[in-house]
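Open the model in your viewer and keep the sequence panel beside it. Each stop below gives you a selection and tells you what to look for.

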Amino acid sequence: MNLVDITPAKAYNTHKGKKGLDLLSFPSHDWVEKKLDGVRSLVYVERGEVIITSRRIDKSGIHHRFQDNVPQLRDHVLFKSMGTAIFDGEIMMPQVKDEDSLGSIMSVIGALPEKAVETQRKYGMAYLNIFDCMFADTDIQGLPLYQRR
């Protein structure tokens, strides 16, 4: 299985014909994540190799990859020490007075790696809030979110 082919459902998907407030009150809907001021990201780990992508798909059908822009995350000991996993989360920048944190992280994600690292030296290092694990040496997407979390 190619791990990068696993893509979680978008946050605005409907479930069993329900959406919006109706979906939130639906009995099988068990978790809502607060939207942070960052970039929704997927982290694919396979035997020490780490690929970090946004959920944006480019013209060729590939998710935008930017692991070299955040080497502190790409090379993190947690990821290097595990087998195979897929994490869903949000990459954030430290809150800087008079700076837009979403704008700061976008300038990291969308830049060339050298510029991204320079931006982080100026504003602080990007960090990752993980809120879901969809794969942990086996596909666990069928488990309830409270167990994957």
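The tour starts with confidence, then visits the sheet, a helix, the salt bridges and a loop.

**Before you start**

This is a predicted model, in which local features need pLDDT of at least 70, side-chain atom pairs count only at pLDDT 80 or more, and totals for chains, interfaces and linings use all residues. Residues are numbered from 1 along each chain as its sequence is written, and side-chain values use heavy atoms, with hydrogens and water left out.

**Stop 1: colour by confidence**

Colour by pLDDT, the predictor's confidence in each residue, from 0 to 100. The protein has a mean of 79. Of its residues, 72% reach 70 or more.

Now select the helices H1 and H2. Helices are DSSP runs of H or I with at least four residues, strands are runs of E with at least two, and both are numbered from the N terminus. Helix H1 (residues 20–24) has the lowest mean pLDDT among the elements, 57. Helix H2 (residues 71–74) has the highest, 96.

Next, select residues 26–30. Here the pLDDT is below 50. Beyond near neighbours in sequence, this stretch has 9 contacts in the model (heavy atoms within 4.5 Å).

**Stop 2: the sheet**

Show the strands as cartoon. There are 5 strands in an open sheet, in the order S3-S2-S1-S4-S5, with antiparallel pairing. Two strands count as paired if DSSP finds at least two bridges between them. Strand S3 (63–65) and S5 are at the edges; each has a single partner strand, so one side of each lacks a neighbour in the sheet. From one strand to the next, the twist averages 35°. For such angles, axes are lines fitted to C-alpha atoms (for helices, over the stretch in contact), and values run from 0 to 180 degrees between N-to-C directions.

**Stop 3: strand S4**

Select residues 84–92, which make up strand S4. Are they buried or exposed? Of its 9 residues, 9 are buried. Buried means under 20% relative accessible area, exposed over 50%, and partly exposed in between, with a 1.4 Å probe and protein chains only.

Show the side chains. Thr-84, Ile-86, Asp-88, Glu-90 and Met-92 point one way from S4. Ala-85, Phe-87, Gly-89 and Ile-91 point the other way.

Strand S1 (residues 39–46) runs antiparallel to S4, joined by 8 bridges. Strand S5 (residues 127–136) also pairs with S4 in the antiparallel sense, over 8 bridges. Pick Ala-85: its bridge partner on one strand is Val-45, and Ala-136 in S5 stands opposite it. Then pick Glu-90 in S4, which has Arg-40 opposite.

**Stop 4: helix H5**

Select residues 113–123, helix H5. Which of its residues are buried? They are Ala-116, Thr-119, Gln-120 and Tyr-123. These residues cover an arc of only 100° around the axis, so they lie on the same side of H5. The arc is that of the directions from the helix axis to the C-beta atoms. Turn to the other side of H5: Glu-114, Arg-121 and Lys-122 are exposed there. Gly-124 follows H5, and its phi is positive, near 115°.

**Stop 5: salt bridges**

A salt bridge here is a side-chain nitrogen of Lys or Arg within 4 Å of a carboxyl oxygen of Asp or Glu. By this rule there are 5.

Stay on H5 for one of them. Glu-118 bridges to Lys-115, with the closest N and O atoms 3.7 Å apart. The two residues are 3 apart in helix H5, about one helical turn. Glu-118 is partly exposed, at 46% relative accessibility. Lys-115 is partly exposed too, at 45%.

Arg-74 meets Asp-68 at 2.8 Å, N to O. Asp-68 is partly exposed, with a relative accessible area of 40%.

Then go to Glu-46 and Arg-47. Their closest N and O atoms are 3.4 Å apart. Glu-46 is partly exposed at 30%, while Arg-47 is exposed at 66%.

**Stop 6: Asp-137**

Finish at Asp-137, in the loop between S5 and helix H6 (145–148). Its phi is positive, about 65°, although Asp-137 is not a glycine. The residue is exposed, with a relative accessible area of 57%.
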